[in-house]
Amino acid sequence: MGMHRPTGFTTAGMALIVAVVLGAPMGAQQPAPPLPTPGPSMAEALKALDMARAAATKANLTLSCAVVDSRGDLVALTRMDGARFFTTDVARGKAQLSAIFGQASGNLAQFGATPAFSNFNATAQGRLFPIQGAVPIMRNNQVGGAIGCSGGTSQQDEDAAKAGLAGF
Amino acid sequence: MMLPIPSVLRAGLVTTLLVGVSIPAVAQPAGRLTLADALRLIEAARADASAKSLRLSIAVVDARGDLVVIASMPDANAATADTAIGKAMLSAFFGQPSAALAPRANTPIFQSLNAETGGRLRFFQGALPIVRNGYTVGAIGASGATAQQDEDSARAALTSVAPR
């Protein structure tokens with residue numbers, strides 16, 4: 001026996017019903033849209049800062065190090081005993097820049113001399129520091145945040161930041 | 001040669017010198033706030049906030065108002081980090097709870113002070129000075145809940161870490 005359809009039951013209407021009936025289970029089976037990459041938690045950030053500090057102590061340095069989320073917002077920052085006061089702002093500014101662009105802040109040193117950077121920096125209330133010393137935290141090929149240090153030479157800062165990366 | 005001072009005072013002087021060995025030197029009456037101190041305070045405040053299901057940012061600054069540690073709990077509002085820092089700075093500058101200073105936010109002197117620090121101060125309840133031997137060695141500030149809850153968590157940290 002063939003399918004009996006009421007008059008006016010269009011193909012489009014049938015497609016709609018199929019969609020509604022199948023919609024729920026099909027939606028559940030489809031892969032969920034990727035969630036935003038979770039930022040570093042406070043515990044992760046403090047652990048990473050511990051590791052960065054351990055590296056700094058080993059190198060006989062006193063640094064400030066900062067962890068920011070993917071948006072560049074501060075998650076945690078520690079200033080080691082004896083580190084100069086302004087190193088907090090520099091560490092934060094490097095990390096913020098690194099998170100925004102998903103690159104090591106050292107890669108952006110040339111960019112820092114351009115008018116475009118001035119615009120970015122104005123948007124960020126002048127907080128950014130286009131200096132080596134911060135590296136992005138990559139998670140699932142996405143930027144989850146950044147960690148940056150200040151207080152030594154740029155290379156020493158970056159080395160300590162990279163030591164902190166191991167905490168994630 | 002003995003100084004021409006009464007023996008009672010002399011005895012007192014000797015006692016002071018002897019006792020002086022066990023109490024902090026006069027040159028550093030309260031000692032500096034170390035990073036280790038600050039991290040203990042942060043952890044205590046976090047534990048208190050966590051027990052109350054609050055999501056706070058907690059900042060510890062030194063006596064000069066310079067940042068030592070800031071930590072944001074997961075899902076704390078992004079603006080709370082700078083608010084916690086600004087409250088703590090204010091509290092450290094005056095050695096008073098930020099709540100006691102908040103009503104003076106609009107006075108010319110406080111406005112000037114805020115301009116001087118690049119507009120970083122926040123005139124809200126939620127920060128308390130860290131006092132040692134009667135000296136302000138820093139301040140702890142929290143932000144993310146009601147002003148009273150912020151202050152309660154800061155106080156809980158001070159009580160559990162550095163009983164006065």
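1. Two residues are in contact here if their C-beta atoms, placed from the backbone, lie within 7 Å. With that in hand, B:R40, B:L41, B:A44, B:A45, B:D48 and B:A49 of α2(B) meet B:S153, B:A154, B:A156, B:A157, B:S160 and B:V161 of α6(B). By class, this contact of α2(B) with α6(B) has eight nonpolar, two polar and two charged residues. The classes are: Ala, Val, Leu, Ile, Met, Phe, Trp, Tyr, Cys and Pro nonpolar; Asp, Glu, Lys and Arg charged; the others, Gly among them, polar.

2. Some bookkeeping before going on. This is a predicted model, where local features need pLDDT of at least 70 and side-chain atom pairs count only at pLDDT 80 or more, while totals for chains, interfaces and linings use all residues. Residues are numbered from 1 along each chain as its sequence is written, and chains are lettered from A and ligands numbered from 1 in the order in which they are written.

3. Now the overall layout. Helices (H or I, at least four residues) and strands (E, at least two) are DSSP runs, numbered from the N terminus. Chain A has five helices and four strands, running α-α-β-β-α-α-β-β-α from the N terminus on. Chain B has six helices and four strands, and its pattern along the sequence is α-α-β-β-α-α-α-β-β-α.

4. On burial, a residue is buried if 20 or more other C-beta atoms lie within 10 Å of its own, exposed if 12 or fewer, and partly exposed in between, with C-beta atoms placed from the backbone. Of the 168 residues of chain A, 44% count as buried; for the 164 residues in chain B, the share is 41%. Taking contacts between residues at least 6 apart in sequence, 67% join residues at least 24 apart in chain A, and chain B also comes out at 67%.

5. Back to the helix pair of point 1. α2(B) and helix α6 (residues 147–161) of chain B pack at an angle of about 125°, with their axes 8 Å apart. Axes are lines fitted to C-alpha atoms, for helices over the stretch in contact, and angles run from 0 to 180 degrees between N-to-C directions. α2(B) and α6(B) are therefore oblique to each other (under 35 degrees counts as roughly parallel, over 145 as roughly antiparallel, 65 to 115 as roughly perpendicular and the rest as oblique). α2(B) passes α6(B) in a right-handed crossing; a crossing is right-handed if the near helix is turned clockwise from the far one by less than a right angle, and left-handed if anticlockwise.

6. Chain A has a helix pair to look at as well. Helix α2 (residues 42–58) of chain A packs on helix α5 (residues 154–165) of chain A at an angle of about 140°, with the axes 7 Å apart. That makes α2(A) oblique to α5(A). The residues in contact are A:A48, A:L49, A:M51, A:A52, A:A55 and A:A56 from α2(A), and A:D159, A:A160, A:A161, A:A163, A:G164 and A:L165 from α5(A). By class, that contact has ten nonpolar, one polar and one charged residues. The crossing of α2(A) past α5(A) is right-handed.

7. Where do the chains touch? 14 residues of chain B are in contact with 15 residues of chain A. On the chain B side, α2 (35–51) and β2 (67–72) each supply at least two residues, and β2(B) gives the most, with six residues. By class, this side of chain B has ten nonpolar, two polar and two charged residues.

8. Beyond its neighbours within four places in sequence, B:A88 is in contact with B:A59, B:V60, B:V61, B:A127, B:A139, B:I140 and B:G141.

9. Lastly, some backbone checks. A:N60 has a positive phi of about 60° although it is not a glycine; this residue is in the loop between α2 and β1 (64–69) of chain A and counts as exposed, with 8 C-beta neighbours inside 10 Å. A:N141, also not a glycine, has a positive phi near 60°. A:N141 lies in the loop between β3 (134–139) and β4 (142–150) of chain A and is exposed, with 6 other C-beta atoms within 10 Å.
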